Amino acid sequence: MAAPDEPPRPRPPPPDWLELPREITTTIFLKLGAVEILKTAELVCTAWRALCLDPTMWQTIDMRNDGEPPYDDLADMYRRAVDRSRGGCLDLNIEYFGDDELLQYAADGCNHIRRLRLVYCGNISDEGLCEAASKLPMLEVLELSYCSFSKEAIETVGQCCPLLKSFKLNSRVYRCPHIECDDEAQAIAKNMHGLHHLQLFGNKMTNEGLKAILDSCPHLEYLDLRQCFNIYMEGDLGRRCTEQIKDLRNPYDPTDDYEFDAAILNDESFDDDYLPWFPDIDLPDYDNYHVFPDFDDFSVYVFDAYQ
């Protein structure tokens, strides 16, 4: 500790981010996602620009966004990212935008994609998904969250992607109307026998759909049934799930680690006071859960210093 009469020591200079090893800089860039790389990172200096043009940087194309960029800007950045990968993209994430043409753009140029994630992509049709799946035989991980695809599309995906190991099909939950539907569960059971990981958050399937999955997916190790309120885990079915599945999330389990908003919504076209299928059931207070995607704030500071 310096004596009181000594002048304060000068602070050490800030680290020179441009001198970081290439591997560390690449890791930071990937945490930012494709949108921030194209809008910010590559404009900092020529060295970072050169790194952002390297095709290996685009093996993962993460198009997460906050909804602010206009659709045309997102589409343009998406195409640039796919082009820069030179067919080497292995991991593709599209959120809150996208249509059949954009999905085909990646499927046509990058047929070795192993992980595909579509979130709130309402403009991608059954036909668009099926056509893309037919060109992605190496696909191992698929997530379809808050999209709208039919059982036929799910069947086609299972048939076209025999290496599929992980499937997420997540939906919003509404109190009304009460709907029971095993179509999606049956499509999974008949066409995705190699699954190890399955998440069906908010699905409308019943015990019969669950039994079909358990019968047809012998390698299943993780099963997420949270907010699948048509499933009743009492008796033999509950015991079977506990014995067969190593990591099981039950319908009424907490949602604090769920990535999206898990609030149960009311359909305003129905009388909220009449809920015949929810008598005397105390639902968990999902409205009090607030979950946000993980984000490495440290990487933000790297770029703030150069803006």
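Is C217 buried or exposed? C217 is buried, at a relative accessible area of 0%; buried means under 20% relative accessible area, exposed over 50%, and partly exposed in between (1.4 Å probe, protein chains only). Here are some notes to read alongside the model.

1. Ground rules. This is a predicted model, where local features need pLDDT of at least 70 and side-chain atom pairs count only at pLDDT 80 or more, while totals for chains, interfaces and linings use all residues. Residues are numbered from 1 along each chain as its sequence is written, and side-chain values use heavy atoms, with hydrogens and water left out.

2. Cysteines. A disulfide is a covalent bond between the sulfur atoms of two cysteines. Here the test is a pair of cysteine sulfur atoms within 2.5 Å, and the structure holds zero disulfides. Take C161: its nearest cysteine sulfur belongs to C160 and sits 6.0 Å away, so C161 is in no disulfide. C161 also counts as buried, with 1% relative accessibility.

3. Rings of Phe, Tyr and Trp (its six-membered ring) pair if their centres lie within 6.5 Å; planes under 30 degrees apart count as stacked, over 60 as edge-to-face and the rest as tilted. By this rule there are nine aromatic pairs. One of them joins F29 and W48, edge-to-face, at 5.3 Å centre to centre and 85° between the planes. F29 is in helix 1 (residues 22-32) and W48 in helix 3 (residues 46-52), 19 residues apart. Helices (H or I, at least four residues) and strands (E, at least two) are DSSP runs, numbered from the N terminus. F29 is buried at 0%, and W48 is buried too, at 4%.

4. A stacked pair between loops. Y96 and Y120 have ring centres 5.1 Å apart and planes at 15°, so they count as stacked. Y96 lies in the loop between strand 2 (91-95) and helix 5 (100-109), and Y120 in the loop between strand 3 (115-119) and helix 6 (126-134), so the pair ties together parts 24 residues apart in sequence. Y96 is partly exposed at 44%, and so is Y120 at 30%. Ring pairs also link Y96, Y120, Y146, F201, Y258 and F260 into a cluster.

5. Salt bridges. Side chains of opposite charge can pair when their charged atoms come close. The cut-off used is a side-chain nitrogen of Lys or Arg within 4 Å of a carboxyl oxygen of Asp or Glu, and the whole structure has 18 salt bridges. In one of them, E101 meets R79 with the closest N and O atoms 3.0 Å apart; E101 is in helix 5 and R79 in helix 4 (residues 71-85), 22 residues apart. Another joins R115 to D91 at 2.9 Å between the closest N and O atoms. R115 lies in strand 3 and D91 in strand 2, so this pair ties together parts 24 residues apart in sequence. Have a look as well at E42, R49, D76, R80 and R84, which are linked in a network of salt bridges.

6. A pocket. On a 1 Å grid over the protein atoms alone, a pocket is an open set of points where a 1.4 Å probe fits, with protein on both sides within 12 Å along at least five of seven lines; lining residues have an atom within 4 Å of a point. The second largest pocket is lined by 16 residues, with F149, L169, S171, E184 and N203 nearest its centre. Strand 5 (166-170) and helix 8 (183-191) each supply at least two residues of that lining.
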